[in-house]
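Got your viewer open and a selection tool ready? Let's walk through this one stop at a time, picking residues and looking at what turns up.

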Amino acid sequence: MTIPSTQKAVIFETNGGPLLYKDIPVPKPKPNEILINVKYSGVCHTDLHAWKGDWPLATKLPLVGGHEGAGVVVALGENVVGWEIGDYAGVKWLNGSCLQCEYCVTAHESNCPSADLSGYTHDGSFQEYATADAIQAARIPKGTDLASISPILCAGITVYKALKTADVKPGQWVAISGAAGGLGSLAVQYAKAMGFRVVGIDGGVDKGEFAKSLGAEAFVDFTTSKSVVKDVQAVTGGGAHGVINVSVSGGAMQQSLEYVRPTGTVVLVGLPAGAKVSASVFDSVVRTVNIRGSYVGNRADTAEAIDFFTRGLVKCPIKIVGLSELANVYKLMEEGKILGRYVVDTSK
Amino acid sequence: MVTIPKTQKAVVFETNGGPLIYKDIAVPEPKPNEILINVKYSGVCHTDLHAWKGDWPLATKLPLVGGHEGAGVVVKVGSNVTGWELGDYAGIKWLNGSCLSCEFCQTTNEPNCAQADLSGYTHDGSFQQYATADAVQAARIPKGTDLAQIAPILCAGVTVYKALKTANAKPGQWVAVSGAGGGLGSLAIQYAKAMGLRVVAIDGGDEKGEFVKSLGAEAYVDFTKSKDIVADVVAATNGGAHAAINVSVSEKAIAQSVDYVRAVGTVVLVGLPAGAKVVAPVFDAVVKSISIKGSYVGNRADTAEAIDFFTRGLIKCPIKIVTLSELPEVYELMEQGKIVGRYVLDNSK
């Protein structure tokens with residue numbers, strides 16, 4: 001297999017600066033890395049934050065963004081075992097971690113203080129050839145539709161882990177706040193696969209139809225509802241046992257504290273810049289509420305999330321555009337106009 | 001057969017914030033599902049102060065006999081009561097009764113019952129010599145127990161024990177007890193040690209420092225002296241506490257616990273400063289993957305377990321015994337933050 005020496009990528013030199021679709025060198029994998037010919041990459045809201053630089057965490061510059069890359073292994077670092085050329089592999093948010101700290105040894109690899117992050121501190125999947133630590137790279141069954149699986153690599157894993165974190169039992173209600181977005185639409189499906197009952201919250205008739213088509217039993221439309229809190233409480237007979245906050249609205253997150261059931265769990269996933277949730281200590285105690293941050297997932301979560309996809313229980317509605325059109329995707333994202341997920345074809 | 005008098009001494013108030021009246025009132029008659037307890041001793045909990053002041057977003061009954069850490073002897077049983085005998089030792093805790101039918105009662109979350117009846121709040125409590133309690137919820141105390149010593153376990157003990165379970169910390173891990181020198185804090189340190197946890201205690205002043213270390217805290221951070229409490233806790237725990245138990249009455253202390261908790265750790269909210277909020281920056285909460293959990297008293301199993309640690313001699317609450325008639329003075333000391341350990345009232349005086 002011939003690996004070219006240059007490739008197409010979208011790169012930026014400064015946060016908020018121009019997104020350049022250009023030729024750059026194909027990277028060489030380190031001894032512990034594999035080189036993946038990324039065929040498709042999902043576009044995650046985090047990639048927009050990385051470009052804008054509006055998070056309290058510095059990116060590398062210049063940077064190739066992207067962390068939902070699905071492709072084929074074309075080269076192996078000399079220390080790599082367990083991978084073969086031709087295997088299907090995924091580039092996810094956690095590119096590599098130290099494997100020795102207390103977090104790595106307790107399956108909390110994403111919390112490793114030395115974490116290397118794809119599309120943030122490590123050039124990511126908005127290029128045709130990307131390197132990934134062989135331990136963390138996601139294993140994808142050969143023959144998988146690489147375009148369809150790419151959003152699973154961050155969005156899928158993240159919501160799946162969030163649903164585990166919510167501690168909801170089959171038959172109980174989970175509210176998905178931001179149900180029609182990239183993460184929300186996957187959350188609805190994973191929730192159904194896990195036996196939960198879903199109330200989706202989002203804005204507009206289109207998004208309602210969409211959420212219901214994915215299995216939401218009920219939909220609360222924040223653009224028309226007089227009281228989202230009352231509506232969710234009514235639908236769930238007393239409040240949602242779990243809430244997955246996958247919107248970009250701090251206000252929506254704040255609201256979720258009110259419609260969660262006593263003894264229930266509010267999970268924070270989405271990361272609106274500067275957002276805070278302010279909980280009344282009294283209410284939190286007397287209602288015995290949990291508020292939990294959930295952040296991507298570990299290797300086991302990854303394998304499990306991919307397995308649900310492979311079994312056909314989770315499908316991400318995607319729109320495929322060329323990598324060269326990434327700037328336009330960010331624009332739609334900023335305008336809140338994305339239903340499902342955009343996936344870039346790195347060959348165009 | 002014990003003679004039950006018709007009247008008794010109690011501390012009653014007619015209006016929130018109004019005078020606390022030490023007077024004679026009628027001895028109540030237990031309902032068919034209740035027992036009547038001759039309350040010998042009652043702990044005084046900060047919640048009782050909130051009940052008197054009326055500064056919580058939950059209305060009290062008025063007039064009200066406060067108190068919910070009552071330990072005594074069963075002197076009468078209602079006509080439907082089974083499982084209790086005259087002479088048994090029993091305790092009155094916060095949850096006097098619950099419906100036993102709703103989803104919360106069915107899943108051992110009885111304190112969260114929407115119909116909860118609360119001792120010293122919606123049901124006359126333990127600051128009287130004879131108090132009624134639902135036979136299902138009344139705490140079972142081993143006969144012969146020192147009733148003054150066990151009184152604080154009935155709310156403070158159960159509450160911190162449940163909070164430590166909620167914290168999800170494993171033996172060998174660090175728990176920060178914020179407000180470690182108070183009624184709850186001093187018990188939290190001991191339960192934590194009994195559960196195999198390492199304790200960093202946070203409170204103010206040298207006296208409280210000596211006290212918490214005597215109970216088993218490995219490290220002490222003094223908020224009156226520390227230049228940076230968060231940094232000190234992170235240093236003492238080599239990276240942050242795996243769990244933080246907030247048993248102070250300080251909103252600021254709660255905020256600090258969100259900062260000094262370790263990644264993947266749990267902040268537990270227990271103490272209830274009026275109007276306090278905990279603010280969690282979403283980004284940090286997610287990337288650090290922390291949990292903030294409210295913990296509220298405990299259920300019947302938690303109660304039995306918490307009492308068992310006490311009975312085995314692993315928990316001692318340093319108490320000062322004063323008379324029931326001196327309750328107003330106790331509230332004053334409480335408001336001034338001058339209480340170390342727990343005050344217990346001798347109801348016979």
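Here is a tour of sheets, a core, some ring pairs and a few single residues. One thing to keep in mind as you click: this is a predicted model.

**Stop 1: the sheet that spans both chains**

Twelve of them form an open sheet, and you can trace it in the order E13(A)-E12(A)-E11(A)-E14(A)-E15(A)-E17(A)-E17(B)-E15(B)-E14(B)-E11(B)-E12(B)-E13(B). The pairing in this sheet is mixed. Go to its edges and you find strand E13 (218-221) of chain A and strand E13 (219-222) of chain B, each pairing on one side only. Ignoring direction, neighbouring strands here are turned against each other by 15° on average.

Now zoom to where chain A meets chain B in that sheet. Select residues 290-293 of chain A, which are strand E17, and residues 291-294 of chain B, which are strand E17 there. The two pair in the antiparallel sense over three bridges. For a closer look, pick Arg292(A): opposite it stands Ser291(B) in E17(B).

**Stop 2: a three-strand sheet in chain B**

Chain B has an open sheet of three strands in the order E2-E1-E4, with antiparallel pairing. E2 and E4 of chain B are at the edges with a single partner strand each, so each has one side without a neighbour in the sheet.

Select residues 7-13 of chain B to see strand E1. How many of its seven residues are buried? Five are, so to speak, tucked away: the strand is mostly covered.

From E1(B), look both ways:

- Towards strand E2 (residues 21-26), there are six bridges; in E2(B), Asp24(B) is the bridge partner of Lys9(B).
- Towards strand E4 (residues 64-65), there are two bridges; in E4(B), Val65(B) partners Val12(B), and Leu64(B) partners Phe13(B).

**Stop 3: the nonpolar core**

Bring chain A back and select Leu268(A) and Tyr331(B). Within the largest nonpolar core, which has 102 residues, these two touch the most other members. Centre on Tyr331(B) and show what surrounds it: leaving out residues up to four places away in sequence, it touches Leu20(B), Val44(B), Asp48(B), Leu49(B), Trp52(B) and Phe127(B). Apart from this core lies another, of 49 residues, with Ala156(B), Leu184(B), Val199(B) and Val212(B) among them. As a general point, nonpolar side chains in soluble globular proteins tend to be buried together.

**Stop 4: rings against rings**

Time for the aromatics. There are 16 aromatic pairs over all chains. Select Tyr190(A) and Phe308(A): their ring centres are 5.8 Å apart and their planes stand at 80°, so this pair is edge-to-face.

Then try Phe282(A) with Trp56(B). With centres 4.9 Å apart and planes at 70°, this pair is edge-to-face too. It crosses between chains: Phe282(A) is in helix H8 (residues 281-286) of chain A, and Trp56(B) is in the loop between helix H1 (46-53) and E4 of chain B. Both residues are buried.

Finally, select Trp55(A), Trp93(A), Tyr120(A) and Phe283(B), which ring pairs link into a cluster.

**Stop 5: charges over rings**

Pick Arg140(B) and Trp84(B). The charged end of Arg140(B) sits over the Trp84(B) ring, 4.0 Å from its centre. In chain A, Lys8(A) lies over the face of Tyr21(A), at 5.7 Å from the ring centre.

**Last stop: Val321(A)**

Show its contacts beyond four places in sequence and you get Val329(A), Tyr342(A), Val343(A), Val344(A) and Asp345(A). To finish, draw a distance from its C-alpha atom to that of Lys348(A), 27 residues apart along the chain: it reads 8.0 Å.

Notes:
Residues numbered from 1 in each chain as written. Chains lettered and ligands numbered in written order. Heavy atoms only, no water. Core = buried A, V, L, I, M, F, W, Y, C linked by side-chain atoms within 4.5 Å. Buried < 20%, exposed > 50% of the residue type's maximum accessible area, 1.4 Å probe, protein only. Contact = heavy atoms within 4.5 Å. Pairing = 2+ DSSP bridges. Helix = DSSP H or I, 4+ residues; strand = E, 2+ residues; numbered from the N terminus. Axes fitted to C-alpha atoms, helices over the stretch in contact; angles between N-to-C directions. Phe/Tyr/Trp six-rings, centres within 6.5 Å; stacked < 30°, edge-to-face > 60°. Lys NZ or Arg CZ within 6 Å of the ring centre and 35° of its normal.
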